[in-house]
Amino acid sequence: MRNLFSPSRAALLLFFLAAALLPLALDPRGHLIRVAAMVLLFAAMAQSWNIVGGLANQISLGHAAFFGLGAYTSTLLFLKLGVTPWIGMGVGAVVAGGAAALLSIPTFRLKGHYFALATLAFAEVMRVIANSLGDVTGGPVGLSIPFMGSQPALFAFRSVASYYWIILGLLVAVCAVFHLLASGAIGYRLRAVRENEAAAEVAGVDTFRVKLTASVISAALTAVCGTVFAQFTFFFDPDSIFSLSGISVRMAMIAIVGGLGTLGGPLVGALFLIPLEEVANAVLSSQAAGLSQFAFGVILIGAILIQPRGLMAYWLRTPWAKTRRAAATGA
Amino acid sequence: MIQALVDGILLGGVYGVISTGLSLVFGVLGVVNFAHAEFLMLGMYVAWFAWRYLGLDPLLGSALSFVIVFAIGYLVQRTLVQRVLKAPPAAQVFLTVGLMIVIENAALMAFGSDYRSVSVPYQVEGYRLGDIFVGAPYLFAFVAAVVLAGALWLFLERSWSGRAIRAVAQDPMAATLVGVDTRRTYALAFGLGVALTAFGGAVILPYITVSPTVGGQFVVLMFTVVVLGGLGSVAGALAGGIMVGIVQSLSALVFPIQLQNLCLFVIFIAVLALRPQGLIKGA
């Protein structure tokens, strides 16, 4: 069933090869490489979301909670205790994983709309807490990471290219985790849960454990992205990092526009949406406040109405992609 | 304590009407409308403009909000929501989330980010009953909400369209068989749902300022009310609204103002987890 040199694999390899060669062509401190790094970071975030949203079809609207937990944990550990963000990143992943496990207890029976609502409320809880615990989190003002020049041990670099490499590595790692989960036993169990939870339960799948594993891994990876984001942008505040439309919806939207539950979906989605948004911002933000966000919403609605299965559906329809693993990608 | 209880009931009655619309939409169409709070914002803007340029008190302007937002909702359902009625929940969730982003930013473009408020003669007035003080704007909003809730009940109970809505909610197939135009009824229910919420937005204008992001303050509140009362239950939403109003004003006695909403969120997640069918059965 799995051909080592299938067209999809070739396309994936080509993507990463192009991504690896890209910095050579760009000014290492310029704006374009920053945009490219954002594309990869959002692809990694969407891929993390895809583990829960795509494989298990649990539509989370609260992944910003884990993203923010990652950013806050590493940044606070560094600012208050001087712990290097490299370690903070790991701690953040553990904290977010723990939070996801806790959240699983009340939400694991919920489906569809109800699950979306509960996760949305959870991210809102995080935002309210971060805003109100002023002496710990800096409150609504947010946190900024002092610029220290180039100190690799403290996750600080002068050149954007260095961040780019780290983010690329992160994306490769997240994609590898997704692939392992999707093609391994847990992937089959998750798909069984997605298709028919009661039947999966009867067939001997421990549905709670499977969903718990997926959501903990997804949350931990999202938190790592959060730490990287904080180091990359030097500044964040509760309303932006726990944002519903800015983070939670965007992560999900990239995966959906690309192709829900597919390995390539988040990559295609990020490659399509983030530059589009960047251009929209550059062209439209001078016109009127809100116009680029407006366009973002229109694209989301259009994507849902025109091709609810995402851009990957077009790829899967091409003759050279047809032969392969329709079964492995599922829906 | 009793003062807080009274405040809570007055607030909660309005929350009830605001959330009834959301519940109606879910009950009939089976779609959770994440954009619902944005229609509240639209209703508030209509009432604000009616006050500013026509000199209408928001309590009267609310009728205008109801009509205009009903028309918008009818069209939105016909052109967009209808297409995802049979789609999986993910498509429905993201269609309405997209709608939420579009409406909020359209308002930002059209009206700017300024906070706008009205001034009405009774704004700071109130009535005293022994130790209890009742603010006039809160009381009037509550009365308007109760009147509208009564009208809604009559409409659903007595009119042909109202019966059609209930029939479609119970069994769309059977309703079609007995001659109900389900598509029209879906649009009617959606329009009515958002119009109720817009009306609620208009009557609270005397004590809440409007801005393009005001919907965000109400999203979780509305969902909490609806989930408390049982998604899809109109009477439940009213009772849920009063409960939420009371919780809010009682928690204000104990917690600092920033943490007020936290209470709501925790109740919300707990109710979803323990009794997703709502605290109140039937209705």
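**Figure 1. Chain A as a whole.** Chain A has 17 helices and 2 strands. The model shown here is predicted. Along the principal axes, the C-alpha atoms of chain A fill a box of roughly 50 × 45 × 40 Å. A compact globule with 331 residues would have a radius of gyration near 20 Å; chain A has 19 Å, which agrees. Of the 331 residues, 51% count as buried. Look also at contacts with a separation of 6 or more in chain A: 76% of them join residues 24 or more positions apart.

**Figure 2. Helix H2 of chain A.** This helix covers residues 31–55 of chain A, 25 residues in total. From first C-alpha to last, helix H2 of chain A reaches 35 Å. That is close to the 36 Å expected at 1.5 Å a residue. Where does H2(A) bend? The place is A:Trp49, and the angle is about 40 degrees. In H2(A), 21 of the 25 residues are buried, so the helix is largely enclosed by the rest of the structure. After H2(A) comes A:Asn57, with a positive phi near 55 degrees.

**Figure 3. The largest nonpolar core.** This core has 213 residues. Which residues have the most contacts inside it? They are A:Leu40, A:Leu41, A:Ile167 and B:Ala198. H2(A) gives the largest share of this core, 16 residues. Now focus on A:Leu41. Not counting residues up to four places away in sequence, A:Leu41 touches A:Ile167, A:Cys225, A:Val228 and A:Phe229. In soluble globular proteins, nonpolar side chains tend to be buried together.

**Figure 4. A:Phe66 and its surroundings.** A:Phe66 is found in helix H3 of chain A, residues 64–81. Is A:Phe66 buried or exposed? A:Phe66 counts as buried because 38 C-beta neighbours lie inside 10 Å, and the cut-off for buried is 20 or more. A:Pro308 is 242 residues apart from A:Phe66 along the chain. The C-alpha atoms of these two residues are separated by 26 Å.

**Figure 5. Two phenylalanines with positive phi.** Most residues other than glycine have a negative phi. A:Phe155 has a positive phi of about 60 degrees, although it is not a glycine. A:Phe155 lies in the loop between strand S1 (143–144) and helix H7 (160–183) of chain A. With 24 other C-beta atoms within 10 Å, A:Phe155 is buried. For A:Phe234, phi is positive too, near 70 degrees. A:Phe234 is found in the loop between helix H10 (207–233) and strand S2 (235–236) of chain A. How many other C-beta atoms lie within 10 Å of A:Phe234? There are 13, so A:Phe234 is partly exposed.

**Figure 6. Where chain A meets chain B.** Here 36 residues of chain A are in contact with 34 residues of chain B. Which elements give two or more residues to the side of chain A that touches chain B? They are helix H4 (85–107), helix H5 (112–132), helix H12 (244–258) and helix H14 (291–306) of chain A. H5(A) gives the largest share of this side, 13 residues. For the complex, the predictor gives an ipTM of 0.79 and a pTM of 0.84.

**Figure 7. Chain B as a whole.** Chain B has 11 helices and 2 strands. From the N terminus on, its elements run α-α-α-α-β-β-α-α-α-α-α-α-α. The radius of gyration of chain B is 18 Å, close to the 19 Å that the globule rule gives for 283 residues, so chain B is as compact as a globular protein of that length. Its C-alpha atoms fill a box of roughly 60 × 45 × 35 Å along the principal axes. Buried residues make up 54% of chain B.

**Figure 8. Confidence in chain B.** The mean pLDDT of chain B is 85. In this chain, 96% of residues reach 70 or more. Where is confidence lowest in chain B? Helix H11 (residues 260–274) of chain B has that place, at a mean of 78. Confidence is highest in helix H2 (residues 36–54) of chain B, at 92.

Methods: Residues are numbered from 1 along each chain as its sequence is written. Chains are lettered from A and ligands numbered from 1 in the order in which they are written. This is a predicted model: local features need pLDDT of at least 70, side-chain atom pairs count only at pLDDT 80 or more; totals for chains, interfaces and linings use all residues. Helices (H or I, at least four residues) and strands (E, at least two) are DSSP runs, numbered from the N terminus. The expected span of a helix is 1.5 Å times one less than its number of residues. The bend at a residue is the angle between axes fitted to the seven residues ending there and the seven starting there. A residue is buried if 20 or more other C-beta atoms lie within 10 Å of its own, exposed if 12 or fewer, and partly exposed in between; C-beta atoms are placed from the backbone. pLDDT is the predictor's confidence in each residue, from 0 to 100. The radius of gyration is taken over C-alpha atoms; the globule rule is 2.2 Å times the number of residues to the power 0.38. Two residues are in contact if their C-beta atoms, placed from the backbone, lie within 7 Å. A nonpolar core is a set of buried Ala, Val, Leu, Ile, Met, Phe, Trp, Tyr and Cys residues joined through C-beta atoms within 7 Å.
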